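Trainee: Could you go through this model with me, one topic at a time?
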Amino acid sequence: IANFMRGARGLLIPSYSETYGLVALEAAASGVPVIAADVGGLRESVRDEKTGLLLESRNPADWAAQINYLITHPQVAAELGARGRKYALAHSWKESAHKLRVLYEEARAFMDLRCNSQNMQKLHPEKAPVPELAQLAAENVLFVHAHPDDDTISTGALLSALSEERKKNNTDSFLGVLTATRGEKGEIRPESGYGELSEEELTQVREKELLAALAELGAGEKISHYFLGMPPARAAGLPPRRYHDSGMRWVSKDRAGASLDNDRQSFTAASLLESAADIEALIKNQNIKWVISYDNAGTYGHPDHIRAHEATRIAACRAGAHFLEIVTSPAFAPGADSASNLGAAANIDEASNSVAASSAGEGLQAAVNERYFFLEKEENRLRAALRHYRTQLAVEESGIRHVGGQREELHTRICLRRRW
């Protein structure tokens, strides 16, 4: 059958439903392009316009047109076949068994988390308030992010404010950022002037951008930085390792999903228990009291953001540290007026530029374990820090423009939710 398949010019799979589509991977492993129905598991076994073609239509004429296209464009068919073979070989039985083992490990980790978090919440009730800026600045705080630039886009204003508070009060508390990956799969803005870079060259550039941005936000106060997998952010007894950017694909207009061609080194393919143990090691090493990372929505759903949430929550629970989430969809819009969003009864603390949800009035629909920080005074420093990420974004008057053209307002208003 394999020899017969290798002699084919294409494989058609017009299924109405398919749990996975193993035959599509078998064809791809033989270097044969696949034309398949856009249903079920075929969306995973065939990458549209990369390893084959997916069709929503059931019209025979549309299928005939795609068959004719591959026959009359042999170069396109050859490229689909070559990419398909590479993709299929990454889905061997060995790799599939590894992924299944990781899933079971994750299930066990979440069961442990459920038990441990119940104990944590008895000691530190979930409904307890998020501390004010001054209290956070006086204690050891660690931010956990997925890629270079996430630190500044999502929490740059808060990092800047904490640095200012530490400087004002001359405190020697720890303030640090832990980054899971180097953002190797990100694109490069043509306007950045770097041109084509190898993955290693891009890694070096983004490491420099990250450190420069944190130095800007620190304004003379040190913001320590670590990469996950490198000591002291590495579990005892394990050799150093590097977690790779998992990449992403858009599964809907405004929702991201995992890339389909990850290898074992990617953050989402690695063992959740291992990455959690690495974060836990750093928390204990620096005696961290407050750990801040994404909520389970992961901002726009990037798989690395969600994995950072999962691993950080497990690590904080095991290490006995408080866990604060960056709320993806707070009650206010980033650039909206606070009075219109929080209601006339909002009681904003002028000293800390924040408001606890419990005192915000009826205009704010939020739990009592959330605090809103209004950090517009950090905007100039935030803009300066963001400009260091010139391979990834452009700073404009209204906010930032990402490499893909998406625009985003500056996050000078941040909501944190306390888990325990």
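Trainee: Is Thr299 buried, exposed or partly exposed?
Mentor: In this predicted model, Thr299 is partly exposed, because its relative accessible area of 26% falls between the cut-offs of 20% and 50%.

Trainee: Where is Thr299 found?
Mentor: Thr299 is found in helix α11, which covers residues 298-301, and Thr299 has a positive phi of about 55° although it is not a glycine. Most residues other than glycine have a negative phi.

Trainee: And Ser154, what is it in contact with beyond its neighbours within four places in sequence?
Mentor: Leaving those neighbours aside, Ser154 is in contact with His145, Thr299, His411 and Ile414. Ser154 is found in helix α8, residues 150-169, and counts as buried because its relative accessible area is 12%, which is under the 20% cut-off.

Trainee: What about Asn170, buried or exposed?
Mentor: Asn170 is exposed, with a relative accessible area of 69%, and its place is in the loop between α8 and β5. The phi of Asn170 is near 55°, again a positive value in a residue other than glycine.

Trainee: Switching to strands, which ones pair with β9?
Mentor: Strand β4, residues 141-145, pairs with β9 in the parallel sense over three bridges, with Val141 opposite Trp290. Five bridges join β9 to strand β10, also parallel, and there Ile292 has Leu324 as its bridge partner.

Trainee: How many residues of β9 are buried?
Mentor: Five of the five residues in β9 are buried, so the strand is mostly covered.

Trainee: Last one: which peptide bond is cis, with omega near 5°?
Mentor: That is the bond from Pro231 to Pro232, and Pro232 has its place in the loop between β6 and β7.

Note on methods
Residues are numbered from 1 along each chain as its sequence is written. This is a predicted model: local features need pLDDT of at least 70, side-chain atom pairs count only at pLDDT 80 or more; totals for chains, interfaces and linings use all residues. Side-chain values use heavy atoms; hydrogens and water are left out. Helices (H or I, at least four residues) and strands (E, at least two) are DSSP runs, numbered from the N terminus. Buried means under 20% relative accessible area, exposed over 50%, partly exposed in between (1.4 Å probe, protein chains only). Contact means heavy atoms within 4.5 Å. Two strands pair if DSSP finds at least two bridges between them.
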